There are 2 protein chains.
Amino acid sequence: MKYPESIANLIESFSRLPGIGPKSASRLAFFVLKMKDLHVERFAKDLLDVKQTTFYCSQCGHITDIDPCMICRDESRDRSQVCVVENITDVFAIEKMGEYKGLYHVLHGSLSPMDGIGVADLKIPELLKRLEDPNIKEVILATNPNIEGESTALYIYSKLKDTDLKVTKMAHGLPVGGDLEYADEVTLSRAFEGRREF
Amino acid sequence: MKYPESIANLIESFSRLPGIGPKSASRLAFFVLKMKDLHVERFAKDLLDVKQTTFYCSQCGHITDIDPCMICRDESRDRSQVCVVENITDVFAIEKMGEYKGLYHVLHGSLSPMDGIGVADLKIPELLKRLEDPNIKEVILATNPNIEGESTALYIYSKLKDTDLKVTKMAHGLPVGGDLEYADEVTLSRAFEGRREF
């Protein structure tokens, strides 16, 4: 017996999410059937809203619903530092730590020749252009401590080493091979403190 | 730093789903940000559709988008047998096995005095009324093989034992303490074959 079409469709939609297989997708769909109408309607609205009201900051590439984003427009932040990260989730992780007060630059990925991701696919050209601003004194490379992240940092460093910019990278307090966003706050904090010249 | 409001809302909506904690909810929300607009719009539509187009069959209580449901209106099915299950997911599991050709009755839960779920909270009154139909000869109690399921079966049996109905229950091939919907097809099939008089 087939599922009614609307249920089959919802299972398919849930299956598109990461880490959700066909069995979990079915369970979630059947759970939705039992949810309050209000909650389901809100869920649908939230899905649409998040796509319609958010975009990437034209300056730093972080996700925002206002341009420039709240970080870029915050006059109390240190405009001489730019922390370069791979993903928006990394910005949230570092902000949660609460000790970094500079600006960010989100690359939206890392260099990965195997996957055909090159310099032009990331916000690296935008970063290099942005760093021509003489107010910026330090670039903190906070890409993920794995092969792609390290290569990306190395590439950016190669483009900056002959400038007057101080280029630092996160201290090796981060567990190697992992993702930055999973590091706990203390580890992140230590990694910031111990940052050193590239 | 707080999430933009629309992201915070979406994380909250994902958190309402079973088995999805705050961390998973965040990951899913950020994944949605990267999804194609088309897929997100379809997801939102599927959520609304499933609530708007599906309802419970007025005869058997199974989920359907047509009343009576495809099973109840199927003239080729054996109308002398009614298989009583707790949940709509059990109907799909038994149908997947493909050997049972009778009708169903979905109780929408099991008796659980601890949770305040009594006879009137389930479709038990509807079942007893439905079984007054002289065409029905056999009732197969296929509630889950756990305490609540067994008590529910026992209660229904107590109401039927003085009638002419043959009351059977699933053979103990089902793993005790589990949920019927997780049983593999062979186990389900054996359980059907070996059903015995209550």
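**Close-up views of a two-chain model**

**View 1. Helix α6 of chain A, end to end and side to side.** Helix α6(A) covers residues 147–160, 14 residues in all, and its first and last C-alpha atoms lie 20 Å apart, close to the 20 Å expected at 1.5 Å a residue. Keep in mind for this and every other view that this is a predicted model. Which residues of α6(A) are buried? They are A:Gly149, A:Thr152, A:Ala153, A:Ile156 and A:Leu160. Because they cover an arc of only 95 degrees around the axis, they end up on the same side of α6(A). That buried set packs against β3 (78–85), α5 (124–130), β5 (138–141) and β6 (166–169) of chain A. Look at the face turned away from the buried side and you'll find A:Ile147 and A:Leu154, both exposed.

**View 2. Helix α3 of chain A meets helix α3 of chain B.** Each of these helices runs over residues 37–53; their axes come within 9 Å and cross at roughly 170 degrees. The crossing angle is over 145 degrees, so α3(A) counts as roughly antiparallel to α3(B). From chain A, the contact is made by A:Asp37, A:Val40, A:Glu41, A:Phe43, A:Ala44, A:Leu47, A:Leu48 and A:Lys51. Chain B puts in B:Asp37, B:Val40, B:Glu41, B:Phe43, B:Ala44, B:Leu47, B:Leu48 and B:Lys51.

View 3. B:Glu181 sits in the loop between β6 (166–169) and α7 (185–193) of chain B. Is B:Glu181 buried or exposed? Its relative accessibility is 18%, and the cut-off for buried is under 20%, so B:Glu181 counts as buried. Setting aside neighbours within four places in sequence, B:Glu181 is in contact with A:Lys23 and A:Arg27, as well as B:Thr89, B:Asp90 and B:Ala93. The C-alpha atom of B:Asn87, 94 residues apart from B:Glu181 along the chain, is 8.9 Å from that of B:Glu181.

**View 4. B:His105 in strand β4 of chain B.** The strand here spans residues 102–106. With 3% relative accessibility, B:His105 counts as buried. Leaving out neighbours within four places in sequence, its contacts include B:Gln59, B:Cys60, B:Val82, B:Cys83, B:Lys123, B:Glu126 and B:Arg130.

View 5. Not counting residues up to four places away in sequence, A:Ser112 touches A:Ile117 and A:Glu148. A:His108 is in the loop too, but at 25% relative accessibility A:His108 counts as partly exposed. Its phi is near 60 degrees, a positive value in a residue other than glycine. Over in chain B, B:His108 lies in the loop between β4 and α5 (124–130). B:His108 has a positive phi of about 65 degrees, and with a relative accessible area of 25% B:His108 is partly exposed.

**View 6. A cis peptide bond in each chain.** In chain A, the bond joining A:Asp67 and A:Pro68 is cis, with omega about -5 degrees. A:Pro68 is in the loop between β2 (63–64) and β3. In chain B, the peptide bond from B:Asp67 to B:Pro68 is cis, with omega near -5 degrees, and B:Pro68 lies in the loop between β2 (63–64) and β3 (78–85).

Note on methods. Residues are numbered from 1 along each chain as its sequence is written. Chains are lettered from A and ligands numbered from 1 in the order in which they are written. This is a predicted model: local features need pLDDT of at least 70, side-chain atom pairs count only at pLDDT 80 or more; totals for chains, interfaces and linings use all residues. Side-chain values use heavy atoms; hydrogens and water are left out. Helices (H or I, at least four residues) and strands (E, at least two) are DSSP runs, numbered from the N terminus. The expected span of a helix is 1.5 Å times one less than its number of residues. Buried means under 20% relative accessible area, exposed over 50%, partly exposed in between (1.4 Å probe, protein chains only). The arc is that of the directions from the helix axis to the C-beta atoms. Contact means heavy atoms within 4.5 Å. Axes are lines fitted to C-alpha atoms, for helices over the stretch in contact, and angles run from 0 to 180 degrees between N-to-C directions. Angles under 35 degrees count as roughly parallel, over 145 as roughly antiparallel, 65 to 115 as roughly perpendicular and the rest as oblique.
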